[in-house]
Amino acid sequence: MLEILIATNNLGKVKEIKDILDSPEIKILTMKDFPHLPKIEEDGKTYQENAFKKARKISEYTGKICLADDSGLEIDYLKGKPGIYSSRWGNSDEERINKVLKLLENIPKNKRNAKFVCVAILVFPDGKIYTVKEECKGSIEFKPKGEHGFGYDPIFLVPEYDKTFAELGDKIKNQISHRGKAMRRMINIINELVVNE
Ligand code: IMP
């Protein structure tokens, strides 16, 4: 049994990652199991730097194998913004969504392309690291739709379904999302590690 600590305080992410990594070979720990951990500043210039910093620091503090992801929404019309600043683009999900919609006001559908990016990193206490990067392409809706998920989900439209992530719900989102794809690749890596343990 491999114990893996998910190094994030974002409950939306914890839920998604737990669902995807659900396996009898893996025991998932969360930050709630370690209430006195310090806050890690996300001051890197890339998703990789941020994810690595979170996973490495938490692994150092806890002595556990840590899995962290750093993700963001990149909007073509805004030259890739908010990108690595996605979580800090306002004080609440509602504020961040309204900011995007305001910046894209009157911008037609064919210029609203966007993608979610996710870098996931698994860090071992002995320093070994594994990294994967995945994307999910879509576009920005004209108004929020749907009740599921978190973050920018209500305005991220998936063309294959003509629905937002928030309308699609967790099961379908996890099959196609940036994080779902990254975590499935990670689980293949973890399964190989379990076999070779
Ligand atoms: P971080 O990876 O903790 O820096 O946060 C990334 C931010 O990007 C989140 O707080 C959300 O605002 C946004 N984000 C990342 N992935 C998703 C997603 O699957 N749905 C909606 N928003 C997301």
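Student: At the start of α1, which residue has its backbone nitrogen reached by a side-chain oxygen of asparagine 10?
Tutor: Helices here are DSSP runs of H or I with at least four residues, strands are E runs of at least two, and both are numbered from the N terminus. A polar contact is a pair of N or O atoms within 3.5 Å; within protein, one must be able to donate a hydrogen and the other to accept it, and residues adjacent in sequence count only if both atoms are side-chain atoms. At the start of α1, the asparagine 10 oxygen comes to within 2.9 Å of the backbone nitrogen of glycine 12.

Student: What kind of model is this?
Tutor: Residues are numbered from 1 along each chain as its sequence is written, and side-chain values use heavy atoms, with hydrogens and water left out. Local features need pLDDT of at least 70 and side-chain atom pairs count only at pLDDT 80 or more, while totals for chains, interfaces and linings use all residues, since the model is predicted.

Student: Which residues of helix α1 are buried?
Tutor: Buried means under 20% relative accessible area, exposed means over 50%, and partly exposed is in between (1.4 Å probe, protein chains only). Helix α1 covers residues 11-21, and its buried residues are Lys13, Val14, Glu16, Ile17, Ile20 and Leu21.

Student: How far is the ligand's nitrogen from the side-chain N or O atom of aspartate 153?
Tutor: Let's go through the polar atoms around the ligand. Lysine 13 puts a polar side-chain atom 2.6 Å from a ligand oxygen. Tyrosine 152 uses a backbone N or O atom, 3.1 Å from a ligand nitrogen. For the aspartate 153 side chain and a ligand nitrogen, the distance is 2.6 Å.

Student: How much of the ligand's area does the protein bury?
Tutor: Accessible areas come from the Shrake-Rupley method with a 1.4 Å probe; for residues, only the protein chains shown count as cover. Taken alone, the ligand exposes 480 Å², and the protein buries a share of 95%.

Student: Methionine 186 and asparagine 191: where are they placed?
Tutor: Methionine 186 is buried, at 0% relative accessible area. Asparagine 191 counts as partly exposed because its relative accessibility is 31%. Methionine 186 is found in helix α5, and asparagine 191 is placed in helix α5.

Student: What is the omega of the cis peptide bond joining lysine 81 and proline 82?
Tutor: Proline 82 sits in strand β4, residues 81-82. The cis bond between lysine 81 and proline 82 has an omega of about -5 degrees.

Student: Lysine 79 has a positive phi; what is its value?
Tutor: Lysine 79 is in the loop between β3 and β4. This lysine 79 is exposed, with a relative accessible area of 79%. Lysine 79 is not a glycine, yet its phi is about 55 degrees.

Student: What about the phi of aspartate 162?
Tutor: Aspartate 162 lies in the loop between β7 (156-158) and β8 (163-164). At 55% relative accessible area, aspartate 162 is exposed. Aspartate 162 is not a glycine either, and its positive phi is about 50 degrees.

Student: How far apart in space are glutamate 135 and aspartate 162, C-alpha to C-alpha?
Tutor: Glutamate 135 lies in strand β6, residues 129-140. Its relative accessibility is 28%, so glutamate 135 counts as partly exposed. Glutamate 135 and aspartate 162 are 27 residues apart in sequence, and their C-alpha separation is 18 Å.
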